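Dear colleague,

Please find below the structure that I am handing over to you.

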Amino acid sequence: MHLFTIFPGLLILFVISGFLVSASIERGGGNWCEFWRRRFARIYPGLWVCFAFSAIVVAILTHLYGIPVSVSSWCKWIAAQLTFFQFYTPADLKAYGVGNPNGVLWMIPLQLCMYAIMLLTYKRLSRWSMPAWLLLLAALVGVNVLSGLLFSRLHGMAAKLLYVCFVPYMYVFYIGMFAYVFRHRVIPVLSKYCWLLLAVYIVWVKGNALWWHIPVPGLYREIVMGVLICLVTLGAAYRLGRHTLRHDYSYPAFLYHEIFINIFVVVGFTRSWWAVAAVFLCTVVCSVLSCHLVEEPAAKWLRPAEKK
């Protein structure tokens with residue numbers, strides 16, 4: 001199993017988002033305008049610049065390698081990428097690279113939906129007792145399990161819509177919110193037993209893949225793996241200590257890495273560690289440039305003027 005299969009970045013991102021967005025909602029006192037201003041400043045300036053770069057790359061490579069893309073497909077793709085339908089890929093562009101010019105972006109509308117739901121529910125849920133929360137999480141875990149069973153019976157557009165819908169992933173975000181609401185009780189326990197949880201997680205994932213083959217349902221990842229990686233992530237975040245970084249390069253790295261993967265797939269340069277190193281280096285360079293030249297200036301510009 002590959003490292004990215006063992007440690008699914010999507011679930012790690014979602015549970016961290018659940019924790020941090022809950023903190024942001026609480027600090028903002030439920031101010032919707034301020035919340036969405038911050039989310040817009042965080043997501044869209046970097047996304048739009050990344051899309052411009054991606055569109056130029058795709059236009060050049062589809063022309064050089066004879067991949068036909070109609071004007072209609074271009075228009076639909078541009079409209080989808082600049083709004084909140086990033087999961088949409090025209091049929092013409094499925095012949096490009098790995099089948100999508102920047103496939104990871106399907107997570108952005110899903111996250112926006114979850115931000116809205118968390119904003120609507122945080123105040124009420126923050127008053128719930130721990131047993132009530134555990135019942136809610138059990139119900140959301142059940143939703144993911146049922147979604148996985150349903151997904152195996154669906155085909156085509158119905159299957160794709162279920163896969164990119166926010167509902168099956170709610171349990172991940174709400175595990176993050178649960179950990180924040182009860183942070184003074186939950187985080188010390190997760191931090192203390194972080195390495196034990198990690199060992200259990202690795203033994204389960206590797207053992208089930210290689211030997212046991214227990215058919216555990218779940219959408220995106222089987223549910224035992226999904227719950228455990230959330231607990232490991234939250235525990236490790238505090239076990240490793242508090243470290244403050246002046247700049248956050250994680251979001252631009254998320255935006256840009258698949259662009260370069262697609263470039264090497266299209267040109268046929270994939271069966272080498274040099275390709276992996278080149279993707280990593282290009283992603284790091286673009287992440288630094290995006291952070292310093294796009295995202296941080298945009299956030300500063302969009303910040304409301306301080307009252308004198």
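Rings of Phe, Tyr and Trp, the last represented by its six-membered ring, are taken as a pair if their centres lie within 6.5 Å. Please note also that this is a predicted model.

**Aromatic pairs**

On that criterion, a search of the whole structure finds 27 aromatic pairs. One of them joins Phe19 and Tyr238, with 6.1 Å from centre to centre and 65° between the planes, an edge-to-face arrangement. Phe19 belongs to helix 2 and Tyr238 to helix 11 (residues 223-239), so this pair ties together parts that are 219 residues apart in sequence. Phe19 counts as buried, at 8% relative accessibility, whereas Tyr238 counts as partly exposed at 36%.

Tyr169 and Tyr220 also form an edge-to-face pair, with centres 6.3 Å apart and planes at 65°. Tyr169 lies in the loop between helix 7 (156-164) and helix 8, and Tyr220 in the loop between helix 10 and helix 11, so the pair connects parts 51 residues apart in sequence. Tyr169 is buried, with a relative accessible area of 0%, while Tyr220 is partly exposed at 21%. Both tyrosines belong to a cluster linked by ring pairs, which also contains Phe14, Trp106, Phe151, Tyr163 and Phe173.

Beyond residues up to four places away in sequence, Trp133 touches Leu125, Trp128, Tyr174, Met177, Phe178, Val181 and Phe182.

Met177, one of these partners of Trp133, is placed in helix 8 (residues 170-181). Met177 is buried, with a relative accessible area of 0%. Residues up to four places away in sequence aside, Met177 touches Gly18, Phe19, Ser22, Met118, Thr121, Tyr122, Leu125 and Trp133. Gly18 is 159 residues from Met177 along the chain, yet the C-alpha atoms of the two are separated by 5.1 Å.

**Salt bridges**

The structure holds 4 salt bridges. One of them is formed by Glu26 and Arg183, whose closest N and O atoms are 3.5 Å apart. This pair links distant parts of the chain, with Glu26 in helix 2 (residues 9-28) and Arg183 in helix 9 (residues 183-192), 157 residues apart. Glu26 is partly exposed, with a relative accessible area of 37%, and Arg183 is partly exposed at 26%.

Glu34 takes part in a salt bridge with Arg37 (2.8 Å, N to O) and in another with Arg38, where the closest N and O atoms are 2.8 Å apart. Why can Glu34 and Arg38 be about one helical turn apart? An α-helix has 3.6 residues a turn, so residues three or four places apart point the same way. Glu34 and Arg38 are separated by about one helical turn because they are 4 residues apart in helix 3. Likewise, Arg37 and Glu34 are 3 residues apart in helix 3 (residues 32-64), again a separation of about one helical turn. Glu34 is partly exposed, with a relative accessible area of 21%, and Arg38 is partly exposed at 45%. Through shared partners, these salt bridges join Glu34, Arg37 and Arg38 into one network.

**Helix 10 and the residues after it**

Helix 10 (residues 194-212) bends by about 25° at Lys206. Its buried residues include Cys194, Leu197, Tyr201, Trp204 and Asn208. Asn208 has 11% relative accessibility. A polar atom of the Asn208 side chain lies 2.6 Å from the backbone nitrogen of Ile214. Apart from neighbours within four places in sequence, Asn208 is in contact with Val203, His213 and Ile214. His213 follows helix 10 and has a positive phi, near 55°.

**A buried threonine in a loop**

Thr89 lies in the loop between helix 4 (71-82) and helix 5 (107-125). Thr89 is buried, with a relative accessible area of 5%. The side chain of Thr89 makes a polar contact of 2.6 Å with the side chain of Asn100. Neighbours within four places in sequence aside, Thr89 is in contact with Lys94, Gly99, Asn100, Pro101 and Lys160.

With kind regards

How values were computed
Residues are numbered from 1 along each chain as its sequence is written. This is a predicted model: local features need pLDDT of at least 70, side-chain atom pairs count only at pLDDT 80 or more; totals for chains, interfaces and linings use all residues. Side-chain values use heavy atoms; hydrogens and water are left out. Helices (H or I, at least four residues) and strands (E, at least two) are DSSP runs, numbered from the N terminus. Buried means under 20% relative accessible area, exposed over 50%, partly exposed in between (1.4 Å probe, protein chains only). Contact means heavy atoms within 4.5 Å. A polar contact is a pair of N or O atoms within 3.5 Å; within protein, one must be able to donate a hydrogen and the other to accept it, and residues adjacent in sequence count only if both atoms are side-chain atoms. A salt bridge is a side-chain nitrogen of Lys or Arg within 4 Å of a carboxyl oxygen of Asp or Glu. The bend at a residue is the angle between axes fitted to the seven residues ending there and the seven starting there. Rings of Phe, Tyr and Trp (its six-membered ring) pair if their centres lie within 6.5 Å; planes under 30 degrees apart count as stacked, over 60 as edge-to-face and the rest as tilted.
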